[in-house]
Amino acid sequence: MSKREGRLRVAERTAGTDEGGEIVIAVDLGGTNLRAAAVDRCGRINNHVRYQTPHTDDAEDIVHAIIAAARECERRSAVDGARVRALAVALPGTVEAKSGVVMNAPNIPCINGFRLRAALTEEISWPVILENDANAAAIGEMWRGSARAHRTIVCLTLGTGVGGGIILDGQLWRGVDGAAGEIGHMSVEPFGQACNCGSRGCLEVYASATAIARMAREGLARYPNSPLHSIRELTAKDVYEHGLAGDELSREVFRRMGQYLGIGLANLVNLLNPELIVIGGGAANGWDLFIEHAQQEMLARAFPIPARRARIVRAACGDDAGLLGVAHLAFGSL
């Protein structure tokens with residue numbers, strides 16, 4: 001899908017909410033930013049708001065920030081006569097679906113072990129849905145993005161880390177403890193780089209935006225003429241832009257990143273036999289520099305028939321994937 005087609009789809013989704021219809025107030029809680037919007041049954045998104053996520057040790061501060069964003073979306077939507085059906089929150093951590101307890105949220109540690117759904121329900125009268133953000137992104141892509149008309153998909157989000165969501169025969173696979181889909185923490189190099197999760201050689205330390213910047217810094221000594229030497233705070237975006245311009249170090253980093261990604265994809269293909277693998281997140285902007293290497297590695301390592309079946313596509317929903325996903329869950333479960 002071209003960038004223009006992706007923008008057109010976003011424009012379709014934001015064309016307007018049916019007057020007087022039901023909406024879900026969807027919130028995407030990130031470690032840095034908190035985004036919220038009103039989503040209708042057709043997947044149209046309106047009344048975006050964006051705040052900084054509070055840097056706090058008190059979980060109640062997070063609750064108040066979510067409620068404030070939700071109330072602002074409600075206020076803006078009231079002019080259309082829209083009725084709020086639920087509050088749905090995508091968050092960067094493991095959620096126990098039945099209890100509404102956040103089991104682990106590394107980027108927002110103050111909510112670890114916190115009964116977030118109960119705390120939100122005390123503040124509002126709407127039902128509350130919680131979901132892991134990568135799971136929500138997978139659902140969003142299946143509902144309104146690149147995976148429409150597909151029922152068995154894997155979605156990878158290449159950002160600061162690597163998130164994953166798995167949908168099998170149309171159903172989100174959460175696992176027994178709600179911790180399924182941690183694709184970024186499959187090992188692709190058993191004695192490799194240490195990972196923040198406590199293991200080594202995880203896909204996350206080779207295929208994330210953080211990993212791209214780190215591998216570029218590690219390679220500077222081998223490429224003394226690389227223009228990357230002149231950049232003090234090197235980012236994945238810098239590596240991508242110089243890769244497009246022909247810098248050998250930058251292109252080598254994306255080749256390596258693509259190979260490790262391909263190893264991970266081969267494991268997913270052999271294990272799950274998906275129809276489609278959707279790749280999104282900020283680091284996916286380097287698509288043209290890594291996807292050929294990833295595909296080659298996947299085809300070389302996975303069983304031939306499922307490897308040929310599994311198409312690899314770019315995500316289409318962008319930052320809205322999580323908002324769409326949790327809204328879709330809310331519409332379907334209440």
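Me: What counts as a disulfide, and how many does the structure hold?

Reply: A disulfide is a pair of cysteine sulfur atoms within 2.5 Å. In general terms, that is a covalent bond between the sulfur atoms of two cysteines. Here the structure holds 0 disulfides. C155 is in no disulfide, and its nearest cysteine sulfur, that of C317, is 9.0 Å away. Bear in mind that this is a predicted model, where local features need pLDDT of at least 70, side-chain atom pairs count only at pLDDT 80 or more, and totals for chains, interfaces and linings use all residues. Residues are numbered from 1 along each chain as its sequence is written, and side-chain values use heavy atoms, with hydrogens and water left out.

Me: Is C155 buried or exposed?

Reply: The idea is to look at relative accessible area: under 20% is buried, over 50% is exposed, and partly exposed is in between (1.4 Å probe, protein chains only). C155 is buried, at 3%. C317 is buried too, with 2%.

Me: How is the protein divided into domains?

Reply: Domain bounds come from an automatic or database domain assignment. In this protein, domain 1 covers 22-139 + 321-333, and domain 2 covers 148-315. Taken over C-alpha atoms, their centres are separated by 27 Å. Contact means heavy atoms within 4.5 Å, and the contact here takes 11 residues from domain 1 and 15 residues from domain 2.

Me: What is a pocket, and which residues line the second largest pocket?

Reply: Picture a 1 Å grid over the protein atoms alone: a pocket is an open set of points where a 1.4 Å probe fits, with protein on both sides within 12 Å along at least five of seven lines, and lining residues have an atom within 4 Å of a point. Here the lining is I139, M142, I167, G170, Q171, L172, R174, H328, L329, G332 and S333. Helix 4 (133-144), strand 10 (171-172) and helix 11 (321-333) are the elements giving two or more residues to this lining. Helix 11 gives the most, with 4 residues. Helices (H or I, at least four residues) and strands (E, at least two) are DSSP runs, numbered from the N terminus.

Me: Where does the second largest pocket lie?

Reply: Domain 1 and domain 2 both give residues to its lining, so the second largest pocket lies between them. About 190 Å³ of space lies in this pocket, where a volume is the space filled by probe spheres set on grid points joined across faces, edges and corners.

Me: Which residues does V253 touch?

Reply: Leaving out residues up to four places away in sequence, V253 touches I212, M215, A216 and V239. V253 lies in helix 8 (residues 248-272) and counts as buried at 4% relative accessibility. The C-alpha atoms of V253 and R217 are separated by 9.8 Å, though these residues are 36 residues apart along the chain.

Me: What about phi: which value does N47 have?

Reply: For N47, phi is near 60 degrees, a positive value in a residue other than glycine. N47 lies in strand 3 (residues 45-52) and is partly exposed, at 23%. A149, also not a glycine, has a positive phi of about 75 degrees. A149 sits in the loop between helix 4 and strand 8 (153-158), and A149 is exposed, with a relative accessible area of 82%.
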